[in-house]
Amino acid sequence: MNDVTLSINGKAVSAATEPRVTLLDYLRDVAGLKGTHAGCEHGVCGACTVLVDGDPVRSCLMLAVQAEGVDITTIEGIGGLGARAGELGIIQDAFCEAHGLQCGYCTPGMILAAEALLSVNAAPSEHDVREAISGNICRCTGYVQIVEAIMLAAKRLRQRNDTSAPDLTPA
Amino acid sequence: MSEPKYKFLSTPRRPVEDRRFVAGRGKYVADLERPDMLHVAPLASHHAAAVINSIDGSKALAMPGVIDVITGDELAGAVQPLMNGLNTPNVRRFPLAVGRVRYAGEWVCAVVAESRAIAEDALENIIVDATPQPFVLDAEQALLDSSTPVHPEHGSNLLLDRKFVWGPVDEDFAAAAHSLSFSVTWGRNSTVPIETFGVIAEWNGWDQMLDIWASIQMPKYADQIARSLGLPGNAIRVHYDVDVGGSYGVKRGIKHSVLVGYVARKLGRAVRLIEDRLENMRAGDAHGPERKFDVAVAFDDDGTVRAMKMRALDNAGAYAGRAPFQLGKPISAIVGPYKINSVAYHALSVTTNKTVQEAVRGFGQAPTNYAIETAMDRVAEYLGMDRLALRQHNLIRADQFPYLIPSGSHYDSGDYHAVIDKVLAAADYPAMLAERDRLRADGMMAGIGIAACLEPSGGNSSFEPLLNESNKTSTWMESCQVNVDALGCVTARIHTTSSGQGHETLVSTILGEVLQINPELIRITRPNSLESLPGNSPVGSRMAIMLGGAAARAGEKLKAKIMAIAAHHLAVDVDQLRYESGDVIAPDGRSLVWDDMIELAHRQYHSLPDGMDPGLASFDIMQVPTGEALPADGKVQMYPCYAFEFHLVLVSFDPIIGRPDIHSYFIGHDCGTVINPAIVSGMTYGGIAHGIGAALFEEFAYDANGQLLTQSFLDYLMPSSHEVPAINIVKHCTPSPHTVFGQKGSGESGYLGSPAAVSGAINDAVAGLGIHFEKLPIRMSAISDAIAAKSS
């Protein structure tokens, strides 16, 4: 086992790690970040989605050792600028407003997929939104309220006064 | 129903649960860490059927980090068989195979190790010597005497064989001008939640207590574990404050829970079993119905459907599970929303060498609705009548409620024609027909699907005594406790886990409505099973009716106490007092505010009416409305409430490619008074998506050797955001007379009718070619092949 040091939500985490450990298991079992969920562990459902240098990536298909030297953002790193416990980011708040979830299990992956979309496309069409979340399976909602939530978040992000930085900056 | 009748009910309010989920702060079972926790990995059978000669775990046991290898023989000597609701004592089921395996994937033995990875490594070092046996996969074949019984001790594959005749079926068939018959098959699929099943059990020998955390949705879960492990009921403590990552019926996990409970007790440690996806799909014992229907209907020239004969043969898989009872629930709505005068129903359940079934959203109702709606389409086709007009002609009219159907249930309320009219207007039905014809003119195959059906909700589990006379169940109660603390804050306790249904929002909204307090100020907690009152978990679309009802009744009891305290203090007759937003006002203008009542109840015993207990707390254990009686003569009032849904969908596909594209989807939905609109709409959208999957994509398919072919998400295809279209819900409200606010169930909505509607649309598209698709799912390959065969 070698030491694997990862940059997660702007913080360095280091631990002796077997080569076969996935990024997903490292995040959950080593870094203690339980918001990233295991769904299928074969790269289809998207429940384990994290951002790697801003792009959505399935953490079940990436080994922890492969993730050295990149910036990883998990749901715990998402929120308003300088968010504290109990404060939601605009996308998270829009998911609450539209009830874009039920059981919450796919939700972190959905929100990260939405973050990735809205960081590069400020005014997505409904088709753009469906395309962006098409790799994330939700069994509860039929996606209707998720699409509503992301469209609402895009609108609110466009309308906000704060133009200083994108939401992706880790707290 | 548009007057502002309620302060909080039926108003757009954010579900309170959502905040923790969007922050990734849900607490799922796999997120929990216990000290010194061990991990279990099960070994799967390679054979569809085999006799186990020996299991050699010595090499596995010698590996560092491996603690134990558990076999079925060891378990069978220590635990009782898992509950089976039928009288089939020789169909015994243990968490691990005992003596023989009965389906490919069945757990042969289990490794216990310091980590899941080590346990999985060790599986490869277990040597199983087994002799393959004859097996049977098809339900009709399983019925034959020549078939090998899955359970030789049972003597045959028959689990259930019940014939019901409700009304003058033969006379109605003889008197009708026409009859027709057909067969349709509902393929084996399931709900397949994104979170697999997981459970942690931890034994504390000093307290003699088995603590359990599980992603569970199961009635009487703690009782079943206690019975199987031979422990007192109060030695099992199930923690209900675990978030469940989706279930829709299947998260029962009893075999997993008994296994880890046994291991935890044996080793005195915390033990965890989290299914991986393969285990979940192959041996989670969570498949849904696989059902063949043979249907005959008798009808007249004007389209009046007089009578129906239905034979439903269900392929239960290797053990009884809940499969046979899923033939029972549909009895409660066996005529759908139609005035069919008489019905003969033959329910058959057989064992085969396939994975075990579990309860799936609708508990058998969605397949039955698919068969009934196919019958309506076939009658229309036979008579050359419009499918919509045929349904409208046969629907129960609004002035006929309460309506007694032949199998003994009264439908409570509804206005089916009004809902359909609203949908036709919202969808601009003539324009939809024109769009279908335009698509056809462009060379596409295009069709409109129509389905009308009911959602029975809030019942007594009466299908159990109906199908098993030794079962005397006549209650399926639910409970709620409410306490107002010395600062005047309200906390309610609910006694279940939730898997996305929003029960915290349900209870806080209803208590807020009753007490006229902002629901956001009401805290909902989930005590463990030992601190709980009786309940039956969120099954059968029951929680709005039963948990909502219990919460309302507990709130009313609290309010009555407040009023009695105020009446005594103000020396006014209680009937003259007015309750307003927590304050109590006398006719002369004197009043006590909420804080006054708290002070009196919590501190001033001397100011309370004689004999009144101090404090402000209440609870309610609610009986199922209308559910007083056991079945008699093969009939029973099974559910108090019947919600209505009407689906209208336009589908097209290229005749060569055959990939269905859903252009527009409308559903009219009447589930009475809605508690939280966003939650009800969400469940309906999700149910439709699930039904689109059942209609077009999802199937647990087996090869000729009994091996499951679709055992990953690459093969078992669930709808993504591309396959589920925008969905338009047209709302209607016919309150139920049996519930506190007129609410009905909605947890299965959408799923109950969308498979029938999508199937209807595809069949409409190919009607001109004389093709009938008679099996779900209707895969794109089936569509293109059928069209190609007709063209060549």
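Chain B has 20 helices and 29 strands, where helices (H or I, at least four residues) and strands (E, at least two) are DSSP runs numbered from the N terminus. This is a predicted model in which local features need pLDDT of at least 70 and side-chain atom pairs count only at pLDDT 80 or more, while totals for chains, interfaces and linings use all residues. Residues are numbered from 1 along each chain as its sequence is written, and chains are lettered from A and ligands numbered from 1 in the order in which they are written.

**Build of chain B**
- The radius of gyration of chain B, 27 Å, is close to the 28 Å from the globule rule for 792 residues, so chain B is as compact as a globular protein of that length; the radius is taken over C-alpha atoms, and the rule is 2.2 Å times the number of residues to the power 0.38.
- The C-alpha trace of chain B spans about 90 × 75 × 50 Å along its principal axes.

**Domains of chain B**
- An automatic or database domain assignment sets the bounds: domain 1 (18–25 + 477–622), domain 2 (32–133 + 194–246 + 252–283) and domain 3 (365–461 + 634–786).
- The C-alpha centres of domain 1 and domain 3 of chain B lie 39 Å apart.

**Contact between chains A and B**
- In this contact, 39 residues of chain A meet 43 residues of chain B, with two residues in contact if their C-beta atoms, placed from the backbone, lie within 7 Å.
- H2(A) gives the most to the side of chain A that touches chain B, with four residues.
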